[in-house]
Amino acid sequence: MQPTFEVFNRLSLLLAQDTGSLAPAANPPKLHLSKQAFTPNQNNVPADFLEANYAGYAAIACIVGNQLVGIDPLTGERLVEMKIPAGGWRFPCTGLGNTPQDIFGAYLMNDAGTIIYGAALFESPLTIDTIGQVVEVDSVRFRFRFSGIY
Amino acid sequence: MDFVSSTFLKTELLVAYEGLLVIDGFAVNMAQNAFAPQLGTTLADITYANFVGYFPRVALGQAFTLFRDTEGGSYVLKPNFEFSNEEVEVAGAITGPQTIFGWLYQGGASGTLFCTALLPSPKEILAQGDGVQFPQTFLTFSDSFLV
């Protein structure tokens, strides 16, 4: 059947408020960087990634509770976006330990580090080899495809 | 930056959606006007059938079943009970033919229009005993519905 916009509105709101994944009241998911090449896909598991470990790096905890919903103004697709924590999704390098290090992308995992929620690659790997360099993720977003429901 | 969602996240979401549908319930109606199923379709685009004996199939608090089509890899959501006969029949004499073009699911409590579909070809209701049959699949979610 052909779904209406309402189906997508409800799905995006449900996901943004899902306490079993993106929106727990405590122990929120964390955003990590991977220093290992990977292919983002729905079957990703924690073993597909190797967490960055350059000096200054630390995974960033998401904000607890409901996340954001929105509509892409270009496509109309419904979006769920993780709230940006204080200081942003910034991973600065503060020392030369474990450098140079190539960073391939980011992945979102539950607090316990056992379940992958999503992953994304940077356009090209970023080489960290200088104090002051920053890996920055502009947003952590999930997108509902109109063509994916029928 | 768009993240590729995991199977866990999709399943978690669809189970939650299933729960929402149970709370809302649903009604299945037939449409007697030609319409084009699309994302922006609203109830204002639909004229309900009204032939003798017609009534919407309504279910409140009924569960849906979510299952994974292992062959195609998609998730299918459908009511886990059968309508009386998946068929809407004319129960008495009617004064004129009525053409049925499609059917729709809407929320039982909210009245929200969830989805619409056309019959393979319009079905003309002419006399007592005529009926229209419709499949029960509600929605199918491919792997790419959430990326």
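In this predicted model, Met109(A) stands opposite Ile116(A), a residue of strand 8 of chain A. The two strands concerned, strand 7 and strand 8 (residues 116-128) of chain A, pair in the antiparallel sense over eight bridges. They form a hairpin with six residues between them, and in the turn Gly113(A) has a positive phi of about 75 degrees.

Strand 7 of chain A also pairs with strand 2 (residues 30-34) of chain A, again in the antiparallel sense, over five bridges. Within that pairing, Leu33(A) has Ala106(A) of strand 7 of chain A as its bridge partner. The pairings of strand 7 are set out below.

| Partner of strand 7, chain A | Sense | Bridges |
|---|---|---|
| Strand 2 (residues 30-34), chain A | antiparallel | five bridges |
| Strand 8 (residues 116-128), chain A | antiparallel | eight bridges |

How enclosed is strand 7 (residues 101-109) of chain A? Seven of its nine residues are buried, so this strand is largely enclosed by the rest of the structure. In general, the side chains of a regular strand alternate between the two faces of the sheet.

In chain B, Asp45(B) lies in the loop between strand 2 (26-31) and strand 3 (57-59). Because its relative accessible area is 36%, which falls between the limits of 20% for buried and 50% for exposed, Asp45(B) counts as partly exposed. When its neighbours within four places in sequence are left aside, Asp45(B) is in contact with Asn33(B), Phe35(B) and Gly40(B). The C-alpha atom of Asp45(B) is separated by 21 Å from that of Pro135(B), a residue 90 residues apart from it along the chain.

Terms used:
Residues are numbered from 1 along each chain as its sequence is written. Chains are lettered from A and ligands numbered from 1 in the order in which they are written. This is a predicted model: local features need pLDDT of at least 70, side-chain atom pairs count only at pLDDT 80 or more; totals for chains, interfaces and linings use all residues. Side-chain values use heavy atoms; hydrogens and water are left out. Helices (H or I, at least four residues) and strands (E, at least two) are DSSP runs, numbered from the N terminus. Buried means under 20% relative accessible area, exposed over 50%, partly exposed in between (1.4 Å probe, protein chains only). Contact means heavy atoms within 4.5 Å. Two strands pair if DSSP finds at least two bridges between them.
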